[in-house]
Amino acid sequence: MILRSWHGVVPNRLGDAFEQYFRDVTVNEIKTLPGNLGAYFRREVQGAFTHVFLITYWDNWDSIRRFAGATPHIAVTYPDDLKYELLSDPIVLHQECSTIQPWYGEP
């Protein structure tokens with residue numbers, strides 16, 4: 001399994017609208033793609049900005065490349081992202097793992 005992690009930022013005034021758009025368009029699309037094993041979204045307000053985090057789980061690199069293209073470490077963006085003044089991290093992180101173990105210890 002491969003975890004793909006992305007982060008972006010929008011102004012707080014657009015946070016609610018962006019979350020709805022992001023869930024309806026991006027997350028729902030990703031969850032339907034072959035090889036996708038799950039998608040998890042988190043939103044956090046810090047100061048004047050709303051941070052959005054997305055972690056997706058994939059079965060293999062071929063599945064990620066079908067979604068992200070030949071350079072899977074580059075973030076996938078959508079044309080309407082600009083409407084929400086999204087500042088997207090250009091690089092996504094990938095981590096390969098054999099299993100996911102829940103964390104129960106102290107941070």
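Trainee: Where does Lys-83 lie?

Mentor: Helices (H or I, at least four residues) and strands (E, at least two) are DSSP runs, numbered from the N terminus. Lys-83 belongs to the loop between H2 and strand E4 (87–88). The model is predicted, so that local features need pLDDT of at least 70 and side-chain atom pairs count only at pLDDT 80 or more, while totals for chains, interfaces and linings use all residues. Residues are numbered from 1 along each chain as its sequence is written, and side-chain values use heavy atoms, with hydrogens and water left out.

Trainee: Is Lys-83 buried or exposed?

Mentor: Buried means under 20% relative accessible area, exposed over 50%, and partly exposed in between (1.4 Å probe, protein chains only). Lys-83 has a relative accessible area of 54% and is exposed.

Trainee: Which residues of helix H2 are buried?

Mentor: In H2 (residues 61–68), the buried residues are Ser-63, Ile-64, Phe-67 and Ala-68. Because they cover an arc of only 115° around the axis, they lie on the same side of H2; the arc is that of the directions from the helix axis to the C-beta atoms. The face turned away from this buried side carries Asp-62 and Arg-66, which are exposed.

Trainee: Against what do the buried residues of H2 pack?

Mentor: Contact means heavy atoms within 4.5 Å. The buried residues of H2 pack against strand E1 (2–11), helix H1 (15–32), strand E3 (49–58) and strand E5 (93–96).

Trainee: How many residues does the largest nonpolar core have?

Mentor: In soluble globular proteins, nonpolar side chains tend to be buried together. A nonpolar core is a set of buried Ala, Val, Leu, Ile, Met, Phe, Trp, Tyr and Cys residues joined through side-chain atoms within 4.5 Å. Here the largest has 21 residues, and those with the most contacts inside it are Trp-6, Phe-18, Phe-22, Ile-30, Leu-54 and Phe-67. Two or more residues come from each of E1, H1, strand E2 (36–46), E3 and H2. H1 gives the largest share, five residues. Not counting residues up to four places away in sequence, Ile-30 touches Asn-36, Ala-39, Leu-54, Thr-56, Trp-58 and Phe-67.

Trainee: How many salt bridges are there?

Mentor: Side chains of opposite charge can pair when their charged atoms come close. A salt bridge is a side-chain nitrogen of Lys or Arg within 4 Å of a carboxyl oxygen of Asp or Glu, and by this rule the count is five. One of them joins Arg-43 to Asp-16 (2.9 Å, N to O). Arg-43 lies in strand E2 and Asp-16 in helix H1, so this pair ties together parts that are 27 residues apart in sequence. Arg-43 is partly exposed at 25% relative accessibility, whereas Asp-16 is exposed at 57%.

Trainee: Which residues are linked in a network of salt bridges?

Mentor: The network links Asp-16, Glu-19, Arg-23 and Arg-43. Within it, Arg-23 pairs with Glu-19, their closest N and O atoms being 2.9 Å apart. These two residues are four apart in helix H1, and therefore separated by about one helical turn. Glu-19 counts as buried, at 18% relative accessibility.
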